[in-house]
Amino acid sequence: MFLYLSKLLPLFFYPLGLASVSLIVALVTLWKRPKIAAICISLSLTLLLVCSNAWVAKNLVRSLEWQNIPATEIPQAEAIVVLGGATKSAIWPRPTVDLSESGDRVIYAAQLYRQKKAPIIILSGGRIDWRGSGSPESADMATILTSIGIPSEVMIQEPDSLNTYQNAVNVKKILENRGIKKVLLVTSAMHTPRSLKIFQRQGIDVIPAPTDFLVSRGELQELVSTPKAAILNLLPDTDNLNQFTSALKEYIGYFVYGLRGWL
């Protein structure tokens, strides 16, 4: 039940969900309470305009992504842990497993392995039943890694986790069984601050290895490169709204996980 509610309730706090609720209230109150309707419409418009411009979205994303950038070369460890959320199962009409927007996690794990940063790769992630059928995310990641030449014998699958907390708890069991002390944690840069705290809370010696950066120094510089760019980046854009929502999701998750004592 917690898992379901943790996915459902925040939707009403994200810009699109909150704007939709506000517009529904405006529709209901339009004839009898026009002032309330006007306030709700103004709130919806303000939310969408502010949260979908590049200045706000990219800086909010940057506040998460740039927290754990390695200052030097990533050191060696005993295992590479890759968190799920990076694949789409091979369900018709897909001919095979596809990588999602976060698929850089899988590719980066392969690169780290080939750089001999660790001898094994632990793939952690199940499949939430109401989000479509298919193989566990750990199996999908293994399929991708095998297809690009990573030996299957160096991979350990953990197919039961449905959230980041479960990732950490289940991976800890694998580490203890194998006597592994230090790991590299590969996940999206935006997700790294929260996942790092969760793994550390479990007593795991973890080194962050973020990837899948949505905001680079060049993209921030683009905001102020010219007066025209500065103005254009104030205009609403669906990609910016998606990035803002993803960052807000992480902050909400950080707050909720903190309340539950998982951080």
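A residue counts as buried when its relative accessible area is under 20%. The views below are taken from a predicted model.

**View 1. Lys117 and Glu73 form a salt bridge.** The closest N and O atoms of the pair are 2.7 Å apart. Lys117 sits in the loop between helix H5 (104-114) and strand S4 (121-124), and Glu73 in the loop between helix H4 (54-65) and strand S1 (79-83), so the bridge ties together parts 44 residues apart in sequence. Lys117 has a relative accessibility of 7% and therefore counts as buried. Glu73, with a relative accessible area of 63%, is exposed.

**View 2. Helices H7 and H8 pack against each other.** H7 (residues 164-178) and H8 (residues 192-201) meet at an angle of about 40 degrees, their axes 9 Å apart. The crossing of H7 over H8 is right-handed. H7 contributes Thr164, Tyr165, Asn167, Ala168 and Val171 to the contact, and H8 contributes Arg194, Ser195, Ile198 and Phe199. Of these residues, 5 are nonpolar, 3 polar and 1 charged.

View 3. Glu250 and Arg194 are both buried.

**View 4. Arg94 and Asp98 form a salt bridge.** Here the closest N and O atoms are 3.7 Å apart. Arg94 is partly exposed, at a relative accessible area of 30%. Asp98 is also partly exposed, at 30%.

**View 5. Arg127, Glu137 and Asp140 are linked in a network of salt bridges.** The whole structure contains 5 salt bridges.

Definitions and conventions
Residues numbered from 1 in each chain as written. Predicted model: local features only at pLDDT ≥ 70, side-chain atom pairs only at ≥ 80, totals over all residues. Heavy atoms only, no water. Axes fitted to C-alpha atoms, helices over the stretch in contact; angles between N-to-C directions. Helix = DSSP H or I, 4+ residues; strand = E, 2+ residues; numbered from the N terminus. Left-handed = near helix turned anticlockwise from the far one by under 90°. Contact = heavy atoms within 4.5 Å. Nonpolar A, V, L, I, M, F, W, Y, C, P; charged D, E, K, R; others polar. Salt bridge = Lys/Arg side-chain N within 4 Å of Asp/Glu carboxyl O. Buried < 20%, exposed > 50% of the residue type's maximum accessible area, 1.4 Å probe, protein only.
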